[in-house]
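Subject: Structure for you to look at

Hi there,

Here is the structure I promised to pass on. Please open it alongside this email, and I will go through what turned up.

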Amino acid sequence: MAPTTDHAVPGLASAAHTYLPTPAIRRAFQAHRAGVRPRGGHADTLALLSIDHGRSDGAQSFHIRAAQAETQRQAARQLVRRMYSHRGYLTPEADEPVNPYTVTLVVARDDEPVGTLTVGFDSPKGLLCDELFKADVDALRRAGRKVCEFTKLALDVDGNSQQVLASLFHMAYLHAHRIRGCDDVLIEVNPRHVGYYRRMLDFRVVGEEKLCPRVNAPAVLMALDLSHTRRQIELYAGRFDLLANVRSLYPYAFQPAQEREVLQVLSDTHARWSQELLAA
């Protein structure tokens, strides 16, 4: 998240949009039940979602999936570098090694990546945000909270970015809360984005401003109780009629039937991945 991103997010669209995930999700679900294994790493995170944004100039379909093969991870890294450098942030010159405690989600249009977000899970090495905010993160751990972080958010979408961002966030929430049982998600954001994440997703500030050397920009640590996110999704998912009066990303969330399909695929894959780890 910002300062590791400085995406431009336009105002909420007033027209209702339609999600069309069923064919892709059902194909993925059928493949899982048939025992078809995905190629590449992160075998527990296979997911594919097609979104129709209902544009007046023609529908645009976006696919959201986990980066499994190295080519997919490389495409995500290149998108992050391009968007960060465009905003004046530092980017690593060399590729970072694959972290087994992360899941990288990619949004693609016509196989061209236009969005990415990485979910990082707590491990013996900790989280990236421990580098600046370890005392704040440890306070949550001591309170018995299972923490994770969302990082490396980058969007390059010409319109409908609110819905693309909401879709990425919802998929990341499913990985973090519904699959892995995390209680809180942490993000490091540029101070100028604090209001946006507080208003649109109900994040709260838990760590005061510091300079982040990874991107050479100021950062504030924010946290979100994912049980609150679950309640908001249950209340507002698919309620496009509220967009004229409510400034929030939650009406763009997947509707219950769509969420169940995605969650079934992710749950089956995670169970298989866990069994493989135990057998290794």
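A salt bridge here is a side-chain nitrogen of Lys or Arg within 4 Å of a carboxyl oxygen of Asp or Glu. Please keep in mind that this is a predicted model. By that rule, there are 14 salt bridges.

First, the overall picture. The protein has seven helices and nine strands. Of its 280 residues, 52% are buried. If you take the contacts between residues at least 6 apart in sequence, 71% of them join residues at least 24 apart.

Now for some of the salt bridges. An α-helix has 3.6 residues a turn, so residues three or four places apart point the same way. Glu70 has a relative accessibility of 37% and so counts as partly exposed, while Arg73, at 13%, counts as buried.

Arg145 and Asp184 make another salt bridge, and their closest N and O atoms are 2.6 Å apart. This pair links distant parts of the chain, 39 residues apart: Arg145 is in the loop between α3 (130-142) and β6 (147-155), and Asp184 is in strand β7 (residues 184-189). Asp184 is buried, because its relative accessible area is 1%, whereas Arg145 is partly exposed at 28%.

A further salt bridge joins the side chains of Glu259 and Arg178, again with an N to O distance of 3.3 Å. Glu259 comes from helix α7 (residues 256-279) and Arg178 from helix α4 (residues 161-179), so this pair ties together parts that are 81 residues apart in sequence. Glu259 is buried, with 11% relative accessible area, and Arg178 is partly exposed at 26%.

There is also a network of salt bridges to look at, which links Asp122, Asp130, Lys134, Asp138 and Arg141.

Next, helix α6. Which residues of helix α6 (residues 226-236) are buried? They are Leu226, Thr229, Gln232 and Ile233. Viewed down the axis of α6, the buried residues fall within an arc of 105 degrees, so they line one face of the helix. Glu234 and Leu235 are exposed, and they are carried on the face of α6 that is turned away from its buried side. Just after α6 comes Gly238, which takes a positive phi of about 80 degrees.

Helix α4 comes back into the story here. Its axis and that of α6 come within 11 Å and cross at roughly 130 degrees, which means that α4 is oblique to α6. The crossing of α4 past α6 is left-handed. On the α4 side, the contact is made by Phe169, His170, Tyr173, Ala176, His177 and Arg178. On the α6 side, Leu226, Ser227, Thr229, Arg230 and Ile233 take part.

Best wishes

Methods:
Residues numbered from 1 in each chain as written. Predicted model: local features only at pLDDT ≥ 70, side-chain atom pairs only at ≥ 80, totals over all residues. Heavy atoms only, no water. Buried < 20%, exposed > 50% of the residue type's maximum accessible area, 1.4 Å probe, protein only. Helix = DSSP H or I, 4+ residues; strand = E, 2+ residues; numbered from the N terminus. Arc of directions from axis to C-beta. Axes fitted to C-alpha atoms, helices over the stretch in contact; angles between N-to-C directions. Parallel < 35°, antiparallel > 145°, perpendicular 65-115°, else oblique. Left-handed = near helix turned anticlockwise from the far one by under 90°. Contact = heavy atoms within 4.5 Å.
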